[in-house]
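I opened a new notebook page for this protein. I want to look at its inside first, then at its backbone.

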Amino acid sequence: MIAALIAHSASPDAGSTGALAALPRGFADPVHGSQTTFRCLLEAMARPGCVQALDADTRDALAPPSGLGVATTAILLTVADADTAVWLSPAFAPAQVLEGVLAFGRFHTGMRVAPRAEESQYAFAPAHAAAEALLLGLPRGSDEAPQEGATLIVEAPSIVSVEEDAAAAAPPAHPEDADPTPWVRLSGPGVRHARWLAVGRLSLAFWRAREELQAGFPRGVDIVFTCGGQIAAVPRSTVVQRSR
């Protein structure tokens, strides 16, 4: 994902003034918004499991379409362009609302809409619909070109991350807003001290599937979690261990 972000260029002109007036404006300042979101994403990828916050000016001025949260929208506007195939889960919103979201994305970024998640470079889904089959079905790249693996962006109602206590390597008690979401232990590159991560409404089966993908590294899928204006990431290089 980092390579794809670095290669990302400015979006082309997406349409007429009349069409623009009919859609949410997205970033109030497109250049500043995409740059600050880019930096937030890079920081999240470099520090797996650590929760990052969007720049306050970007977050407060962003006008997302109905159906998407602020950080999810910011990521869409930052990573998508005319060469990018994007898939959005129908679980985000009713069909008519989702079509408006897709029109928003096409207008502001020129993105291509993938008919299936398996054909996307960036797939977006709410946590309750981020199923095991979705993760395992996404492109994983190859040993020669691992950067061709997809990125999955998961919008959740909560993201809780805590550094592991060296004296007690056990998951912390579930905070009320994350329960009964399972905790997972993260270690590996970029994780100075092991971390515990709980993502609201994300199933144990999803994390089981993520563990399966580890055997294929450097092939795999990068995962980004969003909640409101917050972002956290679990790159393909991160080792995930389920707590139960």
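These entries follow what I looked up, one topic at a time.

**Entry 1: the core.** I am working with a predicted model. I began with the largest nonpolar core, which has 32 residues. Which of them touch the most other members? I found Leu 152, Leu 197, Leu 202, Phe 206, Trp 207 and Phe 225. Helix H8, residues 204-213, gives the most to this core, with 4 residues. Another core lies apart from it and has 30 residues, including Ala 44 and Ile 231.

Entry 2: I picked Leu 202 and listed its contacts, leaving out residues up to four places away in sequence. Leu 202 touches Ala 127, Ala 130, Val 154, Thr 181, Pro 182, Trp 207 and Phe 225.

Entry 3: I counted cavities of 30 Å³ or more and got 1. The largest cavity holds about 40 Å³ of space. Which residues line the largest cavity? I noted Arg 210, Leu 213, Gln 214, Phe 217, Arg 219, Gly 220, Val 221 and Arg 236. The lining divides into 3 nonpolar, 2 polar and 3 charged residues.

**Entry 4: the backbone.** Most residues other than glycine have a negative phi, and most peptide bonds are trans. I looked for exceptions. The peptide bond from Phe 217 to Pro 218 is cis, with omega near 15°. Pro 218 sits in the loop between H8 and strand E9. Arg 201 is not a glycine, yet has a positive phi of about 70°. I found Arg 201 in the loop between strand E8 and H8. Is Arg 201 buried or exposed? Arg 201 is exposed, because its relative accessible area is 55% and the cut-off for exposed is over 50%.

Terms used:
Residues numbered from 1 in each chain as written. Predicted model: local features only at pLDDT ≥ 70, side-chain atom pairs only at ≥ 80, totals over all residues. Heavy atoms only, no water. Core = buried A, V, L, I, M, F, W, Y, C linked by side-chain atoms within 4.5 Å. Buried < 20%, exposed > 50% of the residue type's maximum accessible area, 1.4 Å probe, protein only. Helix = DSSP H or I, 4+ residues; strand = E, 2+ residues; numbered from the N terminus. Contact = heavy atoms within 4.5 Å. 1 Å grid on protein atoms, 1.4 Å probe; cavity = no way out; pocket = protein on both sides within 12 Å on 5 of 7 lines; lining within 4 Å. Points joined across faces, edges and corners; volume = space filled by probe spheres on them. Nonpolar A, V, L, I, M, F, W, Y, C, P; charged D, E, K, R; others polar.
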